[in-house]
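Here is a brisk report on one protein model.

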Amino acid sequence: MNKIQHYVQGQWTSGKEEGQPILDAVTGEAFTSIATEGLDIPGILNYGRTKGGEKLRKMTFQERGNMLKSLALYLTKRKEQFYELSYRTGATRVDGWIDIEGGFGNLFANASLRKLFPNQPYHVEGEPIDLSRGGRFMAHHIMVPKRGVAVHINAFNFPVWGMLEKCAVNWMAGVPAVVLPAPSSSYLAEAVAKEIIASGILPEGALQIINGTVKSILDTVESQDVVTFTGSAKTGRLLKAHPRLIQESVPFTMEADSLNASILGEDAVPGTPEFDLFIKEVRNEMTVKAGQKCTAIRRIIVPENLVEDVQISLGKALDKITIGDPRLKEVRMGALVSHQQVQAVRDSVKDLAKEAQIVYGNLDKIDTVGADTSKGAFMSPVVLRSDHPFQNNVIHEREAFGPVSTIMPYKDLDEAIQLAQMGKGSLVSSIATNNDKIAKDYVINAASHHGRILVLNRESAKESTGHGSPLPYLVHGGPGRAGGGEEMGGMRGIKHYLQRTAIQGSPSTLTEITGIYQQNAKYKEADQHPFKYHWEDIEPGMSLKTHNRTFTDTDIINFANLTWDHFYAHTDITSLDGSIFEKRTAHGYFIISAAAGLFVYPNKGPVAANYGLEDCRFLRPLYHNDTVYVRLTCKQKVDRDVASAEHPSGIVKWYVEVFDAEDDEKVAFATILTMVQKKQEIFTEITSENLEDLLSQLKPETKPKWGIMTPQHMIEHLEYTYKIASGEIQDFEIATPEKILEKVHASLYNYEKFPKNTMFPSLEKNKLEPLKHPDLETAIEKFKEQREKYIAYFKEHPDATLNNMVFGEMNRYEWYLLERKHLNHHFEQFRIL
């Protein structure tokens, strides 16, 4: 029997002892084992801090985000192999989808957060703070990656999602992880980790995984480490009190199982969509993952006059749930993770039954499809009913971590809120109501005891993610029994792994530290107009002072007529008495527009477009005959993804200051965003002049760096593509599927090379076409002739579009982009470029 392996200190290894057998939850087969003896725990933690941490900390947020995106795409392509293992945990296909693809979704979601962080390894938080009257002493906050490791102690119920929802966050922050999956399902976490390591996408040391329980894991954690725990509240409290955590002040985040409550609103009577939605939601939360979810509904709180209706309707809904082998399509609920878990749930139900009555299900009887109940860890859904919930304590304190929930009545909304609060803190609560006043009253008064609250009604039902679905952009955690911790939550989650530090100094110094221009910092006078620079060459503080402009009466009146903004201060000077205005006043937006007229560079260049306006302020009025000048300064650079048909670019935030030329007083300011193209430094421009030199290097005996083409085959292939580009050949079908054609077409604009061994649609794989010309020299001449025909065609037809087999319909400029990529690809293939 193979042992589950650990990836630590750069290698896969197994524990030294014989190991604990791990059983298939469905068949009871012992198919693997787990052992952790002999692992160097202090060495593992230190390896992460040094080997993995050093590389991650140097990466920018953009680089980390793109790394996560690449990893998510890589894992998604291999997802099917993980489903096969997931079935062994007792999970159905739907259960596995939540765990596996939900985990990959966390990578995608956190990758997208890179757009909210600066293009540097650390974050600048909040607004600058002026600490002096003269504006020469100020403060800001930066957040840098902690120099430790994230130690994740995970639960058994979501081996993939539980690992990746945490790791995605610490990787985005620049912190490596050491993951400890729960033994009973660690084989699935191991499989995903093996693919992650095999991908080579993460820096070495960014992920280490110890599959199994290691009681000494916290003994050597340090102050720069972060520990997260998901599991039972009892175990979590023991870990939280570990002396080492207290001694080193190690951040500890706990996400514990909780007695989550769902409330049926008084308006949601039988026959309403909300009643049906409520029953469906409770049924799903009881049966998805066989109820083994920390967010599952454990307490069903309903109006006292609707208890019978809910009990009957829920019973009918549960009757439709088929239990058995999760591989079968007709099975809606699989097994619990182990026989030990079944026994734990049974024991909890017996305790609950001391104060509540079992009204659905049977602990001793279960019908399954395609599975042997004596071998698998199966259990029937169980519904209990407590008619006196304020007199009973166990129903608010004991959780059965399986397909078990308890119905309890309330008289009014205040009682419902009180009952929900008796769980002493939960991860999530929900209420089904179409009455927004009821929803507001519940949310505002219950929020203190819950980490998340879902309001479910007919309007949101089709798009709702449901009661039990934590989302990467939302905080996952809860107060009290739920652990008092928080995970995920978008940017907030990433900041948990960053150290916040206040920095003080002059505006010029803080500009250099933060990478963001601070008001009153020294300007860096640009050698040429800033709009002439590509994105890479622009730096914060780069500045331009414009010439002057005097506003006239005519300017103001014309702007009013153009915009239809006839506010009295601009158009009716007889109405100024008692106002803050003294004379005819320039529109604020005219001031900004005029400022743009002063600083905009008119010629075509790297600035591709105006992208928006931020932080616009008018500090005092400007009147006719006032003269202004503008100071344009780079405030900040923000990277961006480009997926459409446009060249790679970034966003530059320009700080625009408008000054009264008479006294140099600042009268207005704004932040204007421009889209600025990045340099193209990947491809060599191929012209008629350098083409001769390049082709002269090509010899019949030249060997390719990749592929099976000979030099003559390559030249004849290029000649053929020029026949397409000049319109001589157009009788073909576009090979690229319609659903991805737009994306493929847009790739013409990026600066990425064609992958090696890219296949042209008309060529057969691993087979050379018959040669058409007698020798290479003749082929080159025919190739050059055909290229001239292509150039001539678009000179005569500059607005023409022609089809390409791969990229679809293309205009003149797009054919130029393709030609540049294509020639570079093949000339590099044959070492002449």
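## Helices H3 and H4

H3 and H4 are oblique to each other, since oblique is the class left over when angles under 35 degrees are called roughly parallel, over 145 roughly antiparallel and 65 to 115 roughly perpendicular. Helix H3 covers residues 79–88 and helix H4 covers residues 93–112. They pack at an angle of about 135°, and their axes lie 10 Å apart. Axes here are lines fitted to C-alpha atoms, for helices over the stretch in contact, and angles run from 0 to 180 degrees between N-to-C directions. Helices (H or I, at least four residues) and strands (E, at least two) are DSSP runs, numbered from the N terminus.

The crossing of H3 past H4 is right-handed. A crossing is right-handed if the near helix is turned clockwise from the far one by less than a right angle, and left-handed if anticlockwise. From H3, the contact uses Lys 79, Glu 80, Phe 82, Tyr 83, Ser 86 and Tyr 87. From H4, it uses Arg 93, Gly 96, Trp 97, Ile 100, Glu 101 and Phe 104. Contact means heavy atoms within 4.5 Å. By class, this contact of H3 with H4 has six nonpolar, two polar and four charged residues. Ala, Val, Leu, Ile, Met, Phe, Trp, Tyr, Cys and Pro count as nonpolar; Asp, Glu, Lys and Arg count as charged; the others, Gly among them, are polar.

## Basis of the model

This is a predicted model, in which local features need pLDDT of at least 70 and side-chain atom pairs pLDDT 80 or more, while totals for chains, interfaces and linings use all residues. Residues are numbered from 1 along each chain as its sequence is written, and side-chain values use heavy atoms, with hydrogens and water left out.

## Helices H2 and H6

Helix H2 (residues 61–76) packs on helix H6 (residues 186–199) at an angle of about 125°, with axes 10 Å apart. H2 is therefore oblique to H6. Their crossing is right-handed. H2 brings Leu 71, Tyr 74 and Leu 75 to the contact. H6 brings Val 192, Glu 195, Ile 196, Ala 198 and Ser 199. The residues in this contact of H2 with H6 divide into six nonpolar, one polar and one charged.

## Overall build

The protein has 23 helices and 30 strands. Its C-alpha atoms fill a box of roughly 90 × 90 × 60 Å along the principal axes. Of the 833 residues, 54% are buried. Buried means under 20% relative accessible area, exposed over 50%, and partly exposed in between (1.4 Å probe, protein chains only). Among contacts between residues at least 6 apart in sequence, 75% join residues at least 24 apart.

## Two strand residues

Lys 653 lies in strand S27 (residues 649–660). Is Lys 653 buried or exposed? Lys 653 is buried, at a relative accessible area of 17%.

Ala 30 sits in strand S4 (residues 30–34). Ala 30 is partly exposed, at 34% relative accessibility. Gln 20 is ten residues from Ala 30 in sequence and 9.8 Å away in space, C-alpha to C-alpha.

## Cysteines

A disulfide needs a pair of cysteine sulfur atoms within 2.5 Å. By this rule, the count is zero disulfides. For Cys 167, the nearest cysteine sulfur is that of Cys 294, 17 Å away. Cys 167 is buried, with a relative accessible area of 0%. For Cys 616, the nearest cysteine sulfur belongs to Cys 634, 19 Å away.
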